[in-house]
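Trainee: Could you take me through this structure slowly, so that I learn what stands behind each term?
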Amino acid sequence: MTARCDSTCDLACYDLAVAGSGFSGSLLAMIARRLGLSVVLIERGKHPRVVIGESSTPLTNLLLEELATRYDLPSVKPLAKWGSWQREHPEIACGLKRGFTFYHHDLARPVFDPSDRSRQLLVAASPHDEISDTHWYRADFDHFLVSEAQKLGADYLDETNLTGFSESGREVLLDGTRHGRGVSISAKFVVDASGPRGFLYRALGLYELELPGFPATQALYSHFEGVRGLQDLYPVPGGEPPYPVDAAAVHHVFDGGWIWVLRFNNGITSAGIAATDARAEKYRFTDGAEAWQRILRDIPLLESQFASARAVRPFARIPRIAFRSGQITGYRWALLPSAAGFVDPLLSTGFPLTLLGVSRLAQVFERDWDSPQFESSLVQYAAETEADLLATACLIAALYANMSNFPVFTSLSLLYFAAVSFSEAAHRLGKPQLASSFLLRDHPVFGPASLRIFERAIRRLTEQESGAISEEIVEAIEPFNIAGLGDAARRNWYPVDPDDLLKSASKLGATQDEVIALLQRCGFQLQ
Ligand SMILES: Cc1cc2nc3c(=O)[nH]c(=O)nc-3n(C[C@H](O)[C@H](O)[C@H](O)COP(=O)(O)OP(=O)(O)OC[C@H]3O[C@@H](n4cnc5c(N)ncnc54)[C@H](O)[C@@H]3O)c2cc1C
């Protein structure tokens, strides 16, 4: 019973209205169609359009694959891995992400020595390109998904400026304008996928809460052409890194901030800086392109990498990155995690949190639509969304506090890598109960242990405390460490080694045979 709505219509009634056609809004629209709901997807802009937020992770791709399988979305599934993406959708630009690369810079003595492993951290996410993660070129990626949502029968209204939300009997009424004319859409339920401080936040006059302990940060970024590869500029002496260093989310970390560099296969490189207010003011982010040049001058490695680069878009500035809505659900509405809050691009937590929210809401629709449990399930959804956001904020606040203390920064990152790699393996082994929450935050041992560490690490640490906290982290991750993390002999380079997982089978309550079957399913080439 898909009711249609065009720019002149009023009061067509849908089961579900989704505000915002980023990847999350379109995915949820597709899933809702698969569940038999009538759906309207409403977008303020027009595809293709460029948005930021581009780098995926193993957990992101696992969630994407799970959603595509569970809700029968065969066109989406290939996008969960580099190899299948290149074969099935070469027209959608993306980047190869074999891992997370971190370089530390002392801005007072900015000399980059590629042989100094104490100032770098390389964590591989895949053993070869075929099953690698990706950076999503969102203009193409989101455009594709919105077209797929339409193919599945979602009605799509672009260039629509939603302004009002009101309840009317058994429905809600959304009002706005499209091409200068009034639009009214009624739906039984509304999902807001329009990002931080988005549609419902403004229409309902929701309030903003702080993320406790998280510093005030800003961002400045653009897309570039002509960015050189680090591998050519700074060949790594003494051994092969676990993956080509540019085929990664490359992070340049320094006191008070960090820079990301993500390369796509269409000649575009995404780069930007996220930094505390103090650092942003020092560089005068408000100056846009000039501020970027000031930053490059402080980091010679980046200055040479960007020497011939040209920004292909005007610089964008986000004056306050972090956001937390005071309310996440209400009567007949819910915010997706990306509309409910955001911490920072560091460690690419935005996508997995958003996809977890899509997955949870989809299950609520599938299980409880039109049932008395619907309201209580929404309350549960809101609680999980908020708890994930707060756990992420604690981790990233601790990382910000230690951007000038790279050994502790590295150790804290290992907490993240241990939690997400354990979670991914548990899910892929069909044991999701071992890792039921993001960052294992509700695990009875790991959750409280990591929280205690984050709370201590937020304070400025002495050398002795730094050593102690790093040792404590190695102990805390041990029962979950399936990737050889923290092994001093690896000197901050962590390849994906199937032996690590095989040796850790018991941590996952699995047999060697189960792990071998998992590795084969995932495309590992075992000897
Ligand atoms: C600087 C920066 C870098 C980031 N990098 C990463 C990263 O590398 N990896 C990662 O995992 N996460 C990253 N994130 C987070 C990531 O951007 C989000 O998790 C992701 O974009 C959420 O996708 P979405 O589809 O929910 O929303 P969005 O991508 O925010 O899309 C929202 C859509 O809603 C539309 N819209 C907005 N307002 C309205 C309205 N009133 N009515 C109708 N439509 C509306 C917009 O036009 C847009 O199409 C980053 C975030 C920032 C700020």
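Mentor: In this predicted model, where local features need pLDDT of at least 70, side-chain atom pairs count only at pLDDT 80 or more, and totals for chains, interfaces and linings use all residues, helix α11 (residues 350–368) and helix α12 (residues 374–401) pack at an angle of about 170°, with axes 10 Å apart. Residues are numbered from 1 along each chain as its sequence is written, and side-chain values use heavy atoms, with hydrogens and water left out.

Trainee: Why are α11 and α12 called roughly antiparallel?
Mentor: Angles over 145 degrees count as roughly antiparallel; the angle here is about 170°, and therefore α11 and α12 are roughly antiparallel to each other.

Trainee: Which residues of α11 meet α12?
Mentor: Contact means heavy atoms within 4.5 Å, and among the residues of α11 that meet α12 are Leu353, Leu356 and Phe365, while α12 brings residues including Phe374, Leu378 and Tyr381.

Trainee: Which element gives the most to the shell around the ligand?
Mentor: That element is α11, with three residues.

Technical notes. Axes are lines fitted to C-alpha atoms, for helices over the stretch in contact, and angles run from 0 to 180 degrees between N-to-C directions. Helices (H or I, at least four residues) and strands (E, at least two) are DSSP runs, numbered from the N terminus. Angles under 35 degrees count as roughly parallel, over 145 as roughly antiparallel, 65 to 115 as roughly perpendicular and the rest as oblique.
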